[in-house]
Amino acid sequence: MSTRSTLSYFAFSLIALAVLTCFSTYAQSQQAPVGAEDRDRGIRLYQKGDTKGAIEGLRAATSKNRDDGDAWHYLGLAQLATGNKDEARKAFERAATIRVLSLITISPRSLAGKAGPVSAAVEPHDRYQAAFESVEQYLAVTQNPTEDWLITLEALRFYRDYYAGARSDETIVTTKETNTRLRILSKPPPAFSRTTASGNSVLRAVFSADGSVKHVLVLKRVAPDFDLACIEAARKIKFTPAIKDGRPVSMILQLEYNRYFL
C-alpha cells in the first residue's frame with residue numbers, strides 16, 4: 001500500500017471512530033434514567049388505584065436510583081393511601097429534598113415563562129410546583145416540622161407563582177437590564193452557635209427594590225439549624241438595590257454559606 005493510501009486509510013479510520021464515538025455518546029444520552037421504567041410503571045399503577053403494585057414498583061425504582069424525586073413523591077402518595085404515614089413522611093421528605101435541590105439548575109436570573117439553561121422541556125414554574133407539592137405533603141404528615149421546612153414552603157409558593165406570571169408585586173430584572181448594578185454593602189456570616197453541623201448551604205433570594213432580602217429559599221440543605229442560620233444571615237445582608245430607568249428594582253440572586261472543620 002502506498003504512503004498516500006496508508007494516510008488516507010488512517011484518516012478515514014479516525015473519522016469513522018469519531019463518528020461511532022459521538023453516536024454512542026448520543027445513544028447513551030437518550031437512554032432513560034436508571035429505574036425510570038419501574039417508576040413509570042409504579043406511577044401508572046398508583047393512578048389506577050393499585051397501591052400495592054405501585055409501592056412495589058416505586059420501591060424498585062428508588063432502590064435503583066436514590067435521586068429520583070418523582071419516584072419518591074409517588075411512593076409517599078401510595079404509602080399514604082395505605083395509611084402508612086410514617087413511611088409516607090420519609091418518602092415525601094426525600095422527594096422534597098431532591099426536588100428542591102434540582103431547582104439549582106434553574107437560572108436565578110430567568111424571568112417568568114423562560115426555562116432555565118438545562119431544562120427546555122419543563123418550565124421553571126412546573127418544577128417549582130413539583131417541589132412545592134412534595135414539601136406540602138411532607139408537612140401535612142409531619143407532626144412537629146422544623147421551621148426551615150415552613151420557610152421553604154412559603155418561599156416555593158412565591159417562586160412558583162412568580163415563574164407562572166402570577167406575581168405583580170415585584171419588578172424583577174436581570175443584571176443586563178439594569179442601568180446601575182446592585183451593590184452589596186455588608187454580608188454578615190451565619191451564627192452557627194446552635195449547630196455542630198458542617199457543609200455548604202446554597203440559597204436563592206429576592207434582593208428587593210425596598211432594600212430587604214425576601215423569599216429566602218434553601219436549595220441545598222445541610223441541617224435544620226445550620227440552614228436557619230444561613231437564612232437569618234441572608235436576611236441581614238445590606239445592599240443598594242439595582243437601578244433601572246431611574247427606579248430601584250428587585251433581582252433574584254444565589255448565595256452560598258459554608259463551614260467545615262479541619
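Biologist: Which side chain does a polar contact join to the one of Asn 200?

Modeller: The side chain of Glu 256, with a polar contact of 3.3 Å. A polar contact here is a pair of N or O atoms within 3.5 Å; within protein, one must be able to donate a hydrogen and the other to accept it, and residues adjacent in sequence count only if both atoms are side-chain atoms. Before we go on, this is a predicted model, so local features need pLDDT of at least 70 and side-chain atom pairs count only at pLDDT 80 or more, while totals for chains, interfaces and linings use all residues. Residues are numbered from 1 along each chain as its sequence is written, and side-chain values use heavy atoms, with hydrogens and water left out.

Biologist: OK, and where is the place of Asn 200?

Modeller: In strand β2. Helices (H or I, at least four residues) and strands (E, at least two) are DSSP runs, numbered from the N terminus.

Biologist: Does Asn 200 count as buried or exposed?

Modeller: Asn 200 counts as buried, because its relative accessibility is 13%. The cut-offs are under 20% relative accessible area for buried, over 50% for exposed and partly exposed in between, with a 1.4 Å probe and protein chains only.

Biologist: Switching to aromatics. How many aromatic pairs does the count come to?

Modeller: The count comes to 9. Rings of Phe, Tyr and Trp (its six-membered ring) pair if their centres lie within 6.5 Å; planes under 30 degrees apart count as stacked, over 60 as edge-to-face and the rest as tilted.

Biologist: Why is the pair of Tyr 128 and Tyr 159 stacked?

Modeller: The ring planes of Tyr 128 and Tyr 159 are at 20 degrees, with the centres 5.7 Å apart, so the pair counts as stacked. Tyr 128 sits in helix α6 and Tyr 159 in helix α7 (residues 147-163), so to speak a link between distant parts of the chain, 31 residues apart. Both Tyr 128 and Tyr 159 are buried.

Biologist: Which residues form one aromatic cluster with Tyr 128 and Tyr 159?

Modeller: Phe 158, Tyr 162 and Tyr 163.

Biologist: And what about Phe 192 and Phe 226, how many degrees between the planes?

Modeller: 20 degrees, at 4.4 Å centre to centre, and that aromatic pair is stacked. Phe 192 is in the loop between β1 (183-186) and β2 (199-207), Phe 226 is in helix α8 (residues 224-235), and the pair links these distant parts of the chain, 34 residues apart. Both Phe 192 and Phe 226 are buried.

Biologist: What sits over the ring of Phe 132?

Modeller: The charged end of Arg 160, 4.4 Å from the ring centre. The rule is that NZ of Lys or CZ of Arg must be within 6 Å of the ring centre and within 35 degrees of the ring normal. Lys 187 also lies over a ring face, that of Tyr 257, at 5.0 Å from the ring centre.

Biologist: Back to that β1–β2 loop. How many residues apart in sequence are Pro 190 and Ala 229?

Modeller: 39 residues, with the C-alpha atoms 5.2 Å apart in space. Pro 190 is found in the loop between β1 and β2 and counts as buried at 15% relative accessibility.

Biologist: How about Arg 183, which strand?

Modeller: Strand β1. Arg 183 counts as exposed at 52% relative accessibility.

Biologist: Backbone next. What is the phi of His 215?

Modeller: Near 50 degrees, a positive value in a residue other than glycine. His 215 is in strand β3 (residues 213-220) and counts as partly exposed at 23% relative accessibility. Asp 245 also has a positive phi, about 55 degrees, although it is not a glycine. Asp 245 lies in the loop between β5 (242-244) and β6 (247-249), and is exposed, with a relative accessible area of 63%.

Biologist: Last topic. What volume does the largest pocket have?

Modeller: About 310 Å³.

Conventions:
On a 1 Å grid over the protein atoms alone, a cavity is a set of points where a 1.4 Å probe fits but cannot get out, and a pocket is an open set with protein on both sides within 12 Å along at least five of seven lines; lining residues have an atom within 4 Å of a point. Grid points are joined across faces, edges and corners, and a volume is the space filled by probe spheres set on the points.
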